[in-house]
Amino acid sequence: MLRNGLEPWHLLVVLAIVVLLFGSKKLPEMARGLGKSMRILKAETKALREDDAPADAAQSAGTAQSTATPQPATTPPAVTPTNVTKATETKRPETTA
């Protein structure tokens, strides 16, 4: 029954339904958006792999990592009422009548 799941005519029917639902003017915009999303996803996965590569190398080194001196942890700046108000203030453009 499902021997040949997707045959060419199935794809043509799906394509015809998509064109009817979205219209031919929206399809190029959707394709551009999908292309941009795929490029972003590819770049992010590549960055994650590059970030993991040094960690893998450090784990394989083993003893070299354990003999290194630990770095002191940095603390974030204290939040004071003046810092909060400066960060949340928005400048509004002056309007003249």
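Me: What counts as a helix or a strand here?
Reply: Helices are DSSP runs of H or I with at least four residues, and strands are runs of E with at least two. In this predicted model, the protein chain has four helices and zero strands. Read from the N terminus, its elements run α-α-α-α.

Me: How many residues of the protein chain score at least 70 in pLDDT, as a percentage?
Reply: pLDDT is the predictor's confidence in each residue, from 0 to 100. The protein chain averages 75, and 53% of its residues score at least 70.

Me: Where is confidence lowest, and where is it highest?
Reply: The lowest mean, 51, belongs to helix α3 (residues 63-67), while the highest, 89, belongs to α1.

Me: What distance lies between the end C-alpha atoms of α1, and what span should its 15 residues have?
Reply: Counting 1.5 Å a residue, the 15 residues of α1 should span 21 Å. The end C-alpha atoms are 21 Å apart, so the two values agree.

Me: Which residue follows α1?
Reply: G23 comes after α1, and its phi is positive, near 85°.

Me: Which residues form a nonpolar patch on the surface?
Reply: The patch is made of W9, V13, I17, L21, F22 and M30, which together have about 620 Å² of accessible area. Helix α1 (residues 8-22) gives the largest share, five residues. M30 lies in helix α2 (residues 26-61).

Me: How many salt bridges does a search of the whole structure find?
Reply: Side chains of opposite charge can pair when their charged atoms come close. The search finds one salt bridge. The side chains of E29 and K26 meet in it, at 4.0 Å from N to O.

Me: How far apart are E29 and K26 in helix α2?
Reply: E29 and K26 are three residues apart in helix α2, which means that about one helical turn separates them.

Me: Are E29 and K26 buried, exposed or in between?
Reply: E29 is partly exposed, at a relative accessible area of 47%. K26 is also partly exposed, at 45%.

Notes:
Residues are numbered from 1 along each chain as its sequence is written. This is a predicted model: local features need pLDDT of at least 70, side-chain atom pairs count only at pLDDT 80 or more; totals for chains, interfaces and linings use all residues. Side-chain values use heavy atoms; hydrogens and water are left out. Patches are made of residues with over 30% relative accessible area and no salt bridge: like charges are joined within 9 Å, nonpolar side chains (Val, Leu, Ile, Met, Phe, Trp, Tyr) within 5 Å. Accessible areas come from the Shrake-Rupley method with a 1.4 Å probe; for residues, only the protein chains shown count as cover. The expected span of a helix is 1.5 Å times one less than its number of residues. Buried means under 20% relative accessible area, exposed over 50%, partly exposed in between (1.4 Å probe, protein chains only).
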